[in-house]
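Dear colleague,

Here is the model I promised to pass on. My notes on it follow below the structure.

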Amino acid sequence: ARPGGCVSRTTETHCPYCSLQCGMAVTAGARPATLVPLDFPTNRGGLCSKGWSSAELLDHPERLLRPLVRAVPGDRTSPLVETTWDDALDRVVAAIRATQQVHGRDAVGCFGGGSLTNEQAYQFGKFARVALRTSAIDYNGRFCMSSAAGAANRAFGLDRGLPFPLSDVAEADVVVLVGSNPADTMPPAMQWFDAGRERGAQHVVVDPRRTATARNAALHLQPLPGTDLALANGLLHIAIAEGLVDEAYVAARTTGFDAVRAGVAGYWPDRVERLTGVPVADQRRTVFALARADKAMVLTARGAEQHRNGTDTAQAWINLALALGLPGRRGSGWGTVTGQGNGQGGREHGQKADQLPGYRSLADPAARAHVAAVWGVDPDDLPLPGRSAFELLDALGSDGGVRTLLVLASNVAVSAPDARRVISRLRGLDFLAVSDFFLSETAELADVVLPSAMWAEEAGTMTNLEGRVIRRRRALDPPAGVRDDLQLLAELAGRLGVGERFSGDPETVFEELRRASAGGTADYSGISYRRIDEERGVFWPCPATEDRAAPHPGTPRLFTERFATPDGRARFLRVEHADAAERPDADYPHVLTTGRVLAQYQSGTQTRRSRSLQLVAPTPRAELHPDLAAALGVANDDVVELATRRGRARFHAQVTDAIRPDVVFVPFHWGGGASANALTGADALDPVSKMPPFKVCAVAVTRVSGP
Ligand code: SF4
């Protein structure tokens, strides 16, 4: 079914999974396609098991190769049956028209993903605003990077995950990793940490679990989930008390420190030990190590950020880094470790509810005028900001909510919090269309399923965790019957009467994206496919120059001279500890936290179908400390049921002393009866980022049976 499959050719591209975007060369022709790692600047010849196995899925027998529709239109209990693209697209457009005619434009919604290319993310945002003229669009990055992004925008005026190249990690004498486990999530990145350690660098890991990353650290702090903000404030309290603050840096490069100084006065070390469980001696060791290092950095990730106060928690660590004079110095600073493959680019080009390309605000009149001019529309015709991801999902099917939804590259039935509630909302829709490679748990609920091209079959750009814009190159032709999401959007736009505004060609879309981003914080206007090829990636911001002979070099290191705020100074902001929305009680006496395992990726739509990865991680396991297991009468491998106020799920127990005795951990890559997100909650969203509290809720554990 795959055309042109006999001539062998090798193409340099990147792994389809995480934000490290490891370089790889894919050889297509003979089936299956094969791959080898490349010496790209982030992975330098390394790949993890996910990357090595990625080509397996291109010819997977469960791959969707034809559009699917319900045998009885409108009846989702009837089976999905194959149809033509014309029929499938006609049904989607008919549903859009019918819904908007009866319920208004905002009753049609779009939900995107952080694995879409920059071009697809850009085109999806434009499709919503220009073709559908709806405000209802958001994406799954809201559940991933939004708290760190909110904090960085507030503090620095700009959000780029790492404001420096990953290689700077090897130069740092001290690295504090907060809620981040790269040894499992992106193992090739560990070579930069290892290089630092080999020349004597000290690493401190802050994590309730003794992860693979924590095992190699000089110091492991094990706070109670949800108390990272208190810990950061406590470390700053010590820094102030011990005279470790870089007063000259604070005076020259920041504003707002006096309020923060007053705010952390109450976070005395023994109070912080009571709140977090981190001993005073370890708090002091961490602060002194950070302050005395020539080069030091603090890196946060989802463990610190996926909370009801995730934005303030990231801000607390930024406050500490600023007080010690770290951001803007080579080999130093604060950064956040992005998760999804295009988690960075996915939040820059306009698929967020409140955003236009170039990381511009949809509420800003100047931004609306600029982007409207590029799109050839009246700025007044652009919708206003819509609901954030969970709010959009929770209102599906309701009066005033979305009634027809188009989902690209996202499996919210597994990845959204309070997943059973989200599934029931999806069932309440008038019409659901899903584009995916496989019949994901979300696609199973759809009226129309559109088979999309996989990573090696499509072209475009991605932006990695460092803000380096790279090329995803087409290594082989997609199977007949499969289309990439740019083509899909162009076809839909054509049927909606605006096809001339929507190209299906990635480079044409990128050229428009460049113009739309010009002058924004994420300025790509000086980047071209040719430059990316020649320079092995270009760091944004990279504005176009008048003199073509003197192009802007791109910006590997941000903030060396000034921050991206109007006055050029970074902003301290006073932030306060708040208890988690759910605390253990008599009914739900333990703390549940969720996370990842090495051999699975995100909602598992792809990796759960990989035979080699399934051998390593076939089922999710609930980690319990031996003390808790003994109290519950649970032995290793027993089946346990976890119950929260939202639902129940069953797992085999993994009894391990690598976790706090009061915490239970489950990975979130599975759905059905082992869905971690059937347990998590979403009633307390972060007020800035609208991040749900994935990382802490109250849980009861019951032994069900033996292994
Ligand atoms: Fe590299 Fe991430 Fe792919 Fe692993 S999943 S090979 S770390 S890009």
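Val204 stands opposite Leu219 in E10. Strand E9 (residues 202-206) runs parallel to E10, and 3 bridges join the two. Strands here are DSSP runs of E with at least two residues, helices are runs of H or I with at least four, and both are numbered from the N terminus. Two strands pair if DSSP finds at least two bridges between them.

Before going on, two points about the source. This is a predicted model: local features need pLDDT of at least 70, side-chain atom pairs count only at pLDDT 80 or more, and totals for chains, interfaces and linings use all residues. Residues are numbered from 1 along each chain as its sequence is written.

**Sheets**

E9 and E10 belong to an open sheet of 5 strands, in the order E10-E9-E8-E12-E13, with parallel pairing. Strand E10 (219-221) and strand E13 (333-336) each have a single partner strand, so one side of each has no neighbour in the sheet. Neighbouring strands are turned by 15 degrees against each other on average, direction ignored. Axes are lines fitted to C-alpha atoms, for helices over the stretch in contact, and angles run from 0 to 180 degrees between N-to-C directions.

Another open sheet has 3 strands in the order E1-E2-E3, and its pairing is antiparallel. Its edge strands are strand E1 (9-14) and strand E3 (34-37), each pairing on one side only. The twist averages 25 degrees from one strand to the next. E1 pairs with strand E2 (residues 23-28) over 6 bridges. In that pairing, Arg9 stands opposite Ala28 in E2.

**Ligand**

The ligand is surrounded by 14 residues, and the closest are Cys15, Cys18, Cys22, Cys48 and Gly51. A residue counts as near if its C-beta atom, placed from the backbone, lies within 6 Å. The shell has 10 nonpolar, 3 polar and 1 charged residues. Nonpolar means Ala, Val, Leu, Ile, Met, Phe, Trp, Tyr, Cys and Pro; charged means Asp, Glu, Lys and Arg; the others, Gly among them, are polar.

**Domains**

The chain is divided into domain 1 (68-139 + 342-460 + 484-507), domain 2 (146-336) and domain 3 (590-705). These bounds come from an automatic or database domain assignment. The centres of domain 1 and domain 2, taken over C-alpha atoms, are 37 Å apart.

**Backbone points to check**

Most residues other than glycine have a negative phi, and most peptide bonds are trans. Arg133 has a positive phi, near 50 degrees. Arg133 lies in the loop between helix H3 (118-132) and strand E7 (137-139). Arg133 is partly exposed, because 17 other C-beta atoms lie within 10 Å. The cut-offs: buried is 20 or more other C-beta atoms within 10 Å of a residue's own, exposed is 12 or fewer, partly exposed is in between, with C-beta atoms placed from the backbone.

Ala409 also has a positive phi, near 55 degrees. Ala409 sits in the loop between strand E16 (404-408) and helix H18 (412-415). Ala409 counts as buried, with 28 C-beta neighbours inside 10 Å.

A cis peptide bond joins Trp540 and Pro541, with omega about 0 degrees. Pro541 lies in the loop between strand E21 (538-539) and strand E22 (570-571).

**Leu450**

Leu450 is in strand E18 (residues 448-451). Leu450 is buried, since 27 other C-beta atoms lie within 10 Å. Leu450 and Arg66 are 384 residues apart in sequence, yet 7.4 Å apart in space, C-alpha to C-alpha.

Best wishes
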